[in-house]
Amino acid sequence: MPNIKSQKDRVLQTAKEQAHNKEIKSNLKTVVKKANAAIADNAADKDQAILAAVSAIDKAKNKGVLKKNTAARKISRMARRANKAAAQ
């Protein structure tokens with residue numbers, strides 16, 4: 001445990017940020033998993049699930065939870081999967 005007041009504040013601040021980021025990442029994983037399942041099942045609400053996942057990825061990127069290229073890669077792979085499933 002730190003002894004300096006500013007370090008103590010940073011420990012609390014970091015814990016708060018980690019909890020916030022974890023919440024966003026957990027929600028992101030859930031939405032992406034639902035979109036991938038909808039793509040695999042060729043579900044009727046597939047487009048809506050994909051839009052929700054892309055939106056969640058963009059929000060995570062804008063909040064600094066995901067890096068820019070990571071977000072772009074995830075969106076690109078999801079779009080590629082969706083297009084491949086639609087072609088079949």
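Visitor: How does α1 pass α3, in a left-handed or a right-handed crossing?
Guide: The crossing of α1 past α3 is left-handed. Left-handed means that the near helix is turned anticlockwise from the far one by less than a right angle; clockwise would be right-handed. This is a predicted model, where local features need pLDDT of at least 70, side-chain atom pairs count only at pLDDT 80 or more, and totals for chains, interfaces and linings use all residues. Residues are numbered from 1 along each chain as its sequence is written, and side-chain values use heavy atoms, with hydrogens and water left out.

Visitor: What angle do α1 and α3 cross at?
Guide: Roughly 20°, and their axes come within 10 Å. Axes are lines fitted to C-alpha atoms, for helices over the stretch in contact, and angles run from 0 to 180 degrees between N-to-C directions. The two helices, α1 and α3, are therefore roughly parallel. The cut-offs are under 35 degrees for roughly parallel, over 145 for roughly antiparallel, 65 to 115 for roughly perpendicular, and oblique for the rest.

Visitor: Which residues make the contact between α1 and α3?
Guide: From α1, Val-32, Ala-35, Asn-36 and Ile-39. From α3, Met-78, Arg-81, Ala-82 and Ala-85. Contact means heavy atoms within 4.5 Å. By class, the contact of α1 with α3 has six nonpolar residues, one polar and one charged. Nonpolar covers Ala, Val, Leu, Ile, Met, Phe, Trp, Tyr, Cys and Pro; charged covers Asp, Glu, Lys and Arg; the others, Gly among them, are polar.

Visitor: And α1 with α2: what is the angle there?
Guide: About 155°, with the axes 8 Å apart. That makes α1 roughly antiparallel to α2. Their crossing is left-handed. On the α1 side, the contact residues include Ile-24, Leu-28 and Val-31. On the α2 side, they include Lys-46, Ala-49 and Ile-50. The contact of α1 with α2 has 14 nonpolar residues, no polar and one charged.

Visitor: Where do the helices start and stop?
Guide: α1 is residues 5-41 and α2 is residues 46-62. α3 runs over 68-87. Helices here are DSSP runs (H or I, at least four residues), numbered from the N terminus.

Visitor: How far does α1 reach?
Guide: From its first C-alpha to its last, α1 reaches 54 Å over 37 residues. That is close to the 54 Å expected at 1.5 Å a residue. The expected span is 1.5 Å times one less than the number of residues.

Visitor: Which residues of α1 are buried?
Guide: Ile-24, Leu-28, Val-31, Val-32, Ala-35, Ala-38 and Ile-39. Buried means under 20% relative accessible area, exposed over 50%, and partly exposed in between (1.4 Å probe, protein chains only). Their cover includes α2 and α3.

Visitor: Switching topic. What about α2 and α3, at what angle do they cross?
Guide: Roughly 170°, and the axes come within 9 Å. That makes α2 roughly antiparallel to α3. The contact of α2 with α3 has nine nonpolar residues, no polar and five charged.

Visitor: Now the loops. Where is Asn-42 found?
Guide: In the loop between α1 and α2. Most residues other than glycine have a negative phi. Asn-42 counts as partly exposed because its relative accessibility is 48%.

Visitor: And Gly-64, buried or exposed?
Guide: Gly-64 is exposed, at 56% relative accessible area. Gly-64 lies in the loop between α2 and α3.
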